[in-house]
Amino acid sequence: MRIVHTLAELRAALAGAPAPAFVPTMGHLHKGHLALLRLARENGGPVAASIFVNRLQFGPNEDFDRYPRNLGRDCELLEGAGCDLVFAPDEGEFYAEPQTYTIQPPAELAGILEGAFRPGFFTGVCTVVMKLLQCVQPRIAVFGKKDYQQLMVIRGMVRQFALPLEVLAGETLRADDGLALSSRNGYLSASERAEAPQLQASLRAVQAAVKGGERDLVAIEARAMDTLRSRGWQPDYVAVRRRSDLQSPSADQVAAGEALVALAAARIGKTRLIDNLEL
């Protein structure tokens with residue numbers, strides 16, 4: 001496995017080689033990331049990954065400075081998963097000048113849910129992903145479904161800019177107790193970690209209510225948030241949305257079997273977790 005840190009090294013490593021399948025990451029890798037690597041590998045050809053903690057997608061009071069970084073460990077895991085090339089630039093290399101050109105995703109998709117609670121987040125995500133895709137020029141890019149809204153935003157960006165690549169979605173990998181694997185799970189104390197699966201449990205309760213014939217989605221969402229609050233969480237949202245565009249479905253659409261997804265974001269202690277469940 002080759003590890004490169006500069007754009008010049010990356011271009012040299014890619015020159016003359018088949019376009020890779022690409023997995024962009026912010027590092028602090030876990031089994032979920034490695035599952036994305038395996039999905040990339042299953043599609044044949046070389047596999048590339050990036051490790052870059054992107055300042056542009058962190059708000060002023062978020063965890064950019066304390067976000068865990070361990071390049072040596074990450075590279076060992078990537079090599080074990082069959083990665084061929086790792087692009088791990090530092091911030092001065094990747095943003096050699098202020099990134100004043102940015103990608104502005106549509107507000108109707110990027111200004112709701114995560115976008116409403118993290119202003120500018122999806123601008124930062126789209127900008128770094130677009131830049132990484134331009135640098136790596138992959139034929140396939142792999143993203144996880146745990147970040148459901150992010151996946152939809154990126155798919156829309158790739159489609160509207162007619163980028164010559166396919167976006168693949170990897171299923172969410174979970175611990176035995178149902179907690180979605182996340183780099184931020186490491187922030188949890190022992191008691192918070194024991195409580196953390198309740199976020200997924202709240203989504204399963206929403207799923208059961210909808211499948212059981214309840215049609216008042218506002219009441220279902222409010223009940224789920226109240227349950228989380230009663231357990232010491234600070235929920236930002238629990239929302240049932242159409243899978244097609246993350247807009248709220250009408251009662252008629254729910255009754256007609258519209259494909260839906262439940263999404264949630266909440267804090268337990270100082271750690272903010274997100275999760276989703278297709279209904």
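Helices (H or I, at least four residues) and strands (E, at least two) are DSSP runs here, numbered from the N terminus. By that count the protein chain has 12 helices and 9 strands. This is a predicted model, so to speak: local features need pLDDT of at least 70, side-chain atom pairs count only at pLDDT 80 or more, and totals for chains, interfaces and linings use all residues. Residues are numbered from 1 along each chain as its sequence is written, and side-chain values use heavy atoms, leaving out hydrogens and water.

**Strand β3**
- S50 sits in strand β3 (residues 47-51).
- S50 is buried, at a relative accessible area of 0% (buried means under 20%, with a 1.4 Å probe and protein chains only).
- Skipping neighbours within four places in sequence, S50 is in contact (heavy atoms within 4.5 Å) with F22, V23, P24, T25, F87 and L132.

**Nonpolar cores**
- A nonpolar core is a set of buried Ala, Val, Leu, Ile, Met, Phe, Trp, Tyr and Cys residues joined through side-chain atoms within 4.5 Å.
- The largest has 47 residues, and L10, F94, V129, L133 and L246 touch the most other members.
- Elements that each supply at least two residues include α1 (7-14), β5 (140-144) and β8 (260-268), while α7 gives the most, with 11 residues.
- Another core, apart from that one, has 25 residues, among them L199, A209, M225 and A264.

**Whole chain**
- Buried residues make up 53% of the 279 residues.
- The C-alpha trace spans about 55 × 40 × 35 Å along its principal axes.

Definitions and conventions
Buried means under 20% relative accessible area, exposed over 50%, partly exposed in between (1.4 Å probe, protein chains only).
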